[in-house]
Amino acid sequence: MSTNKQAKSALISVFHKDGLEPIVRKFNELGITIYTTGGTEKFIRDLGIDCVAVEDITSYPSILGGRVKTLHPKVFGGILSRRDNEGDKAQLAEFEIPEMDIVIVDLYPFEKTVASGAPEQDIIEKIDIGGISLIRAAAKNFKDVICVSSMEQYDEFLNIISVDNGNTSIEDRKRFSAKAFAVSSHYDSAIYNYMNEEETNFRQSFDKVTPLRYGENPHQKGAFYGDLEAMFEKLHGKELSFNNLLDVDAAVNLINEFKGEAPTFAILKHNNACGFAQRDNLKDAYVDALAGDPTSAFGGVLIANKTIDVATAEEIHKLFCEVVIAPAYDADALEILKGKKNRVILILKDVELPKISYRTALNGVLFQDANLITDKREDLKNVTKKVVTDAQIEDLLFASKICKHTKSNTIILVKNKTLCAGGTGQTSRVDALEQAIAKANHFKFDLKGAVMASDAFFPFPDCVEIAHKAGIEAVIQPGGSIKDQLSIDYCDQNGIGMVMTGTRHFKH
């Protein structure tokens, strides 16, 4: 197999011209013949550099409003020809086809056009045909051709040809080939997901990767595929770990339920809230959230729905925590939080969260709609003789939001918009409730007058009986058990209010 190749010619056909000028000037300096199309040709000539229009090779103009420019045997023959194949060389000579050693393409911005809310016809016109074909052809023939398939690769490519005066190694060409097929497959996946309405196939692609030190444990390799910069602005601290990211994901989804509400603070550990409170000011919300379980808060992820001020930062700084997230920070508060060099400090940007959820399972992938239903006042159906009060409804809905984002089976106990305790990830609802009560008692919470939320129905009245004996006075649950009436009867006999929502919130 050939190793180093001296480039003598290049085909350039790009949408974005940013960053292209230094490459074009380097080609001119090295005497590399440039073949090009349309707007790229004008860009190059405006730089005062000579180039050859593809039309001059093919003897065909750009047609159909620019839909067909490079799709011609004289273009693809020059890219796909095998330089060590005598038959290929003879045909190139016979049909006067120039070899093309470098192919530079930047595709039409399909995803950005979709994201802009453009009409469908504009989106369809941004499906690149010639460009994607050039990429595949050049990447296939990496033995002889180097393919630059995105403007993000311009700097790396420029460095290669500058250092080696237009020479490329087989290692570089193969590496750029892999990048090209990544660009191609990502582009096609984006188009498929836009067109697909039947969900008959699963196609997801992420073109950004963040290497992680390791996965869930040190012996496991880990990486994050996605655009963290679109979600957060990182202000300080070490790199996020695999486990940090899982907790951050849980924290962001939870606090999103309280967007625009009064100052709210959450503390999470292992994907579950161990402290949560809403108050008139953020400092009080943090202090009362921490009181819910100061033991579990150690090394946790903290998140607020309001700007973190100095008073709140001073309290946070007393705790060892891995990550702090907020929509903004006062300047002095930020300096306080930076006092711990490894503490990760993030600004949560105002972005829309995904509407789909998927995870690996067995030898495939589970796909579902994200749980976008949040229980609201109008969803509540009072099913007991005792009608819950307005204050209880506030606490019940507060508890329901936390419950929705807690691992099943779960029970959440709330009083005065404070998480008293949660029973999380238990194999029975009774176990979850008993765990929550024990935890609340351990941290000296008075459950008299508290409310209880359950992520699923009660098949028996045992949970409401246990809750009643602990002081719980109101319950929110989805209902739906054939034995719902047993729980309702117990509540009626003991003066407990119960509302049903009709929506289950399992989270496995």
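**Close-up views of a predicted model**

**View 1. The open sheet of the predicted model.** Five strands line up in the order β4-β3-β2-β5-β6, an open sheet with parallel pairing. Its edges are β4 (52-53) and β6 (146-148), and each of these pairs on one side only.

**View 2. Strands β5 and β6 side by side.** Strand β5 covers residues 102-106 and runs parallel to β6. The two are joined by 3 bridges. Val103 stands opposite Cys147, a residue of β6.

**View 3. An edge-to-face pair, Phe110 and Tyr187.** The whole structure holds 9 aromatic pairs. Phe110 belongs to helix α6 (residues 110-115) and Tyr187 to helix α10 (residues 170-195), so the contact ties together parts 77 residues apart in sequence. Both Phe110 and Tyr187 are buried. Ring pairs also bring in Tyr194, giving a cluster of Phe110, Tyr187 and Tyr194.

**View 4. A tilted pair, Phe258 and Phe276.** Here the centre-to-centre distance is 4.8 Å, with 50° between the planes. Phe258 sits in the loop between α12 (242-255) and β11 (264-269), while Phe276 is in strand β12 (residues 272-278). The two residues are 18 apart in the chain. Phe258 counts as buried because its relative accessibility is 0%. Phe276 is buried too, with a relative accessible area of 0%.

**View 5. Lysines over phenylalanine rings.** Lys401 lies over the face of Phe258, at 4.8 Å from the ring centre. The charged end of Lys179 sits over the ring of Phe176, 5.9 Å from its centre.

Notes:
Residues are numbered from 1 along each chain as its sequence is written. This is a predicted model: local features need pLDDT of at least 70, side-chain atom pairs count only at pLDDT 80 or more; totals for chains, interfaces and linings use all residues. Side-chain values use heavy atoms; hydrogens and water are left out. Two strands pair if DSSP finds at least two bridges between them. Helices (H or I, at least four residues) and strands (E, at least two) are DSSP runs, numbered from the N terminus. Rings of Phe, Tyr and Trp (its six-membered ring) pair if their centres lie within 6.5 Å; planes under 30 degrees apart count as stacked, over 60 as edge-to-face and the rest as tilted. Buried means under 20% relative accessible area, exposed over 50%, partly exposed in between (1.4 Å probe, protein chains only). A charge sits over a ring if NZ of Lys or CZ of Arg is within 6 Å of the ring centre and within 35 degrees of the ring normal.
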